[in-house]
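Please consult the sequence and the structure alongside the text.

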Amino acid sequence: MGSSKTLFFFALMAFTAMAVTPAFAETNEEDPGLVMNFYKETCPQAEDIIREQVKLLYKRHKNTAFSWLRNIFHDCAVESCDASLLLDSTRRELSEKETDRSFGMRNFRYIEDIKEAVERECPGVVSCADILVLSAREGIVSLGGPYIPLKTGRRDGRKSRAEVLEQYLPDHNESMSVVLDRFASIGIDTPGVVALLGAHSVGRTHCVKLVQRLYPEVDPALNPDHVEHMLKKCPDPIPDPKAVQYVRNDRGTPMKLDNNYYRNILDNKGLMMVDHQLAIDKRTKAYVKKMANSEDYWAKEFSRAITILSENNPLTGTKGEIRRQCNMANKYHYKD
Ligand code: HEM
Ligand SMILES: *[C@@H]1O[C@H](CO)[C@@H](O)[C@H](O)[C@H]1NC(C)=O
């Protein structure tokens with residue numbers, strides 16, 4: 001090696017060491033936190049298996065993708081992305097799934113199919129929390145939404161967060177101030193909230209959440225063309241809780257996660273009060289218009305907000321556990 005080359009080599013080494021040291025100092029060997037491709041060494045096929053399973057399930061039941069998308073909100077927005085949403089009730093604890101805010105959530109049994117497929121390949125390695133987040137990512141793709149690179153390394157919580165859930169998840173008729181505050185507290189700003197609610201571009205809303213806007217009087221803010229359809233779908237002021245009566249969130253493109261939602265709400269066809277408020281509130285209206293006009297702008301903001309949501313206060317390192325089955329904490333496995 002010539003002397004100038006040697007000098008350059010040492011200079012490069014010194015520079016590299018300087019650039020890298022602070023990063024090493026901050027991360028701890030045991031707990032790297034969330035990282036891209038966390039299972040690279042321990043279960044390299046994990047993300048592919050999850051992708052394949054989500055695709056297979058989507059072929060059989062299109063609405064599974066709606067559930068994966070809704071799950072990421074209901075799990076991650078409630079204190080932590082720790083798959084607490086997936087736990088069944090126990091003798092002591094009510095499950096999050098059985099609370100009123102979780103009304104209409106479905107397909108939980110199919111997440112066990114994904115978990116089982118991953119367990120067959122790498123038993124005891126991949127958390128339900130990561131499966132929940134990655135299935136949401138793949139569900140978004142199935143529905144025609146953007147592909148969002150997401151970190152992994154979450155671990156599973158051991159208990160239900162049902163008793164605090166209402167402090168985090170807004171109700172269908174919540175004021176925009178409350179909605180914006182709740183999301184701001186987990187680092188999601190106003191355009192992020194507007195983009196996330198675009199999830200209501202797919203799926204359904206049951207009549208119980210809508211009758212307030214139809215009976216005893218029809219909400220004058222609703223588009224009359226839409227009222228006719230809503231009344232047909234929800235003919236009773238007090239819907240029979242056993243009857244499955246609902247209205248599709250987006251009649252135009254019900255199976256596509258796209259920006260049609262924003263055109264609907266600007267046209268006063270938003271189903272829930274929160275959807276309608278988004279289009280008229282002075283803090284959110286400009287973003288609604290921008291997203292109605294630009295699918296790319298919506299997709300960019302949606303991806304950013306989903307990323308923040310997915311990184312909300314995870315359990316990492318040695319905290320929590322890797323559940324064997326997503327619907328119960330490991331201590332409830334009697335078979336050991
Ligand atoms: C202010 C915030 C929100 C409120 C009050 C809210 C409320 C609701 C309600 C009441 C339903 C109807 C459930 C039913 O009757 O079956 C629903 C459906 C849905 N929500 Fe939200 N939501 C909010 C934000 C979000 C976010 C941030 C996401 C995802 C990123 C999301 C995804 C979904 C999906 C995909 C459905 C359709 C589910 C299905 O058809 O199975 N929501 N939401
Ligand atoms: C919101 O709707 C629920 C029923 O789902 C109702 O009990 C509650 O009073 C409503 N809240 C407001 C502020 O209108």
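The points below cover the model, its domains, the ligand shell, the helix packing, the annotations and the backbone.

This is a predicted model, in which local features need pLDDT of at least 70 and side-chain atom pairs count only at pLDDT 80 or more, while totals for chains, interfaces and linings use all residues. Residues are numbered from 1 along each chain as its sequence is written, and chains are lettered from A and ligands numbered from 1 in the order in which they are written. The protein chain is divided into domain 1 (46-165 + 312-329) and domain 2 (176-309), with bounds that come from an automatic or database domain assignment. The shell around ligand 1 draws at least three residues from each of these domains.

**Domains**

- The centres of domain 1 and domain 2, taken over C-alpha atoms, are separated by 24 Å.
- Their contact takes 17 residues from domain 1 and 15 residues from domain 2, where two residues are in contact if their C-beta atoms, placed from the backbone, lie within 7 Å.
- On the side of domain 1 that touches domain 2, helix α3 (residues 64-76) gives the most, with five residues. Helices (H or I, at least four residues) and strands (E, at least two) are DSSP runs, numbered from the N terminus.
- The residues on that side of domain 1 divide into 12 nonpolar, four polar and one charged. In this classification Ala, Val, Leu, Ile, Met, Phe, Trp, Tyr, Cys and Pro count as nonpolar, Asp, Glu, Lys and Arg as charged, and the others, Gly among them, as polar.

**Shell around ligand 1**

- Ligand 1 is surrounded by 27 residues, of which the closest are Phe73, Gly104, Ala199, Gly203 and His206; a residue is near a molecule if its C-beta atom, placed from the backbone, lies within 6 Å of it.
- The elements that give two or more residues to this shell are α3 and β1 (204-206).
- Helix α3 supplies the largest share of the shell, six residues.
- By class, the shell has 13 nonpolar, eight polar and six charged residues.

**Helix packing**

- Helix α2 (residues 46-60) and helix α4 (residues 108-121) pack at an angle of about 145 degrees, and their axes are 10 Å apart. Axes are lines fitted to C-alpha atoms, for helices over the stretch in contact, and angles run from 0 to 180 degrees between N-to-C directions.
- The contact joins Ala46, Ile49, Ile50, Gln53, Val54 and Leu57 of α2 to Tyr110, Asp113, Ile114, Ala117, Val118 and Glu121 of α4.
- The residues of the contact of α2 with α4 divide into nine nonpolar, one polar and two charged.
- The axes of α4 and helix α5 (residues 128-142) come within 11 Å and cross at roughly 115 degrees.
- Here Ile111, Ile114, Lys115 and Val118 in α4 meet Cys128, Ile131, Leu132 and Ser135 in α5.
- This contact of α4 with α5 has six nonpolar, one polar and one charged residues.

**Annotations**

- According to UniProt (unreviewed entry), the annotation "domain: Plant heme peroxidase family profile" covers residues 33-330; UniProt positions are given in the numbering used here, feature names are shortened, and annotations may be inferred rather than shown by experiment.
- Over residues 33-330 the chain is 43% helix and 2% strand, with the end C-alpha atoms 22 Å apart.
- The UniProt annotation "binding site" (unreviewed entry) covers Asp75, Val78, Asp82, Ser84 and Glu96. They span 22 residues in sequence, yet no two of their C-alpha atoms are more than 12.3 Å apart, so they gather at one spot.
- Asp75 belongs to helix α3.

**Backbone**

- Most residues other than glycine have a negative phi, and most peptide bonds are trans.
- Tyr215 and Pro216 are joined by a cis peptide bond, with omega about -5 degrees; Pro216 lies in the loop between β1 and α9 (224-233).
- Glu79, although not a glycine, has a positive phi of about 70 degrees, and Glu79 is placed in the loop between α3 and α4.
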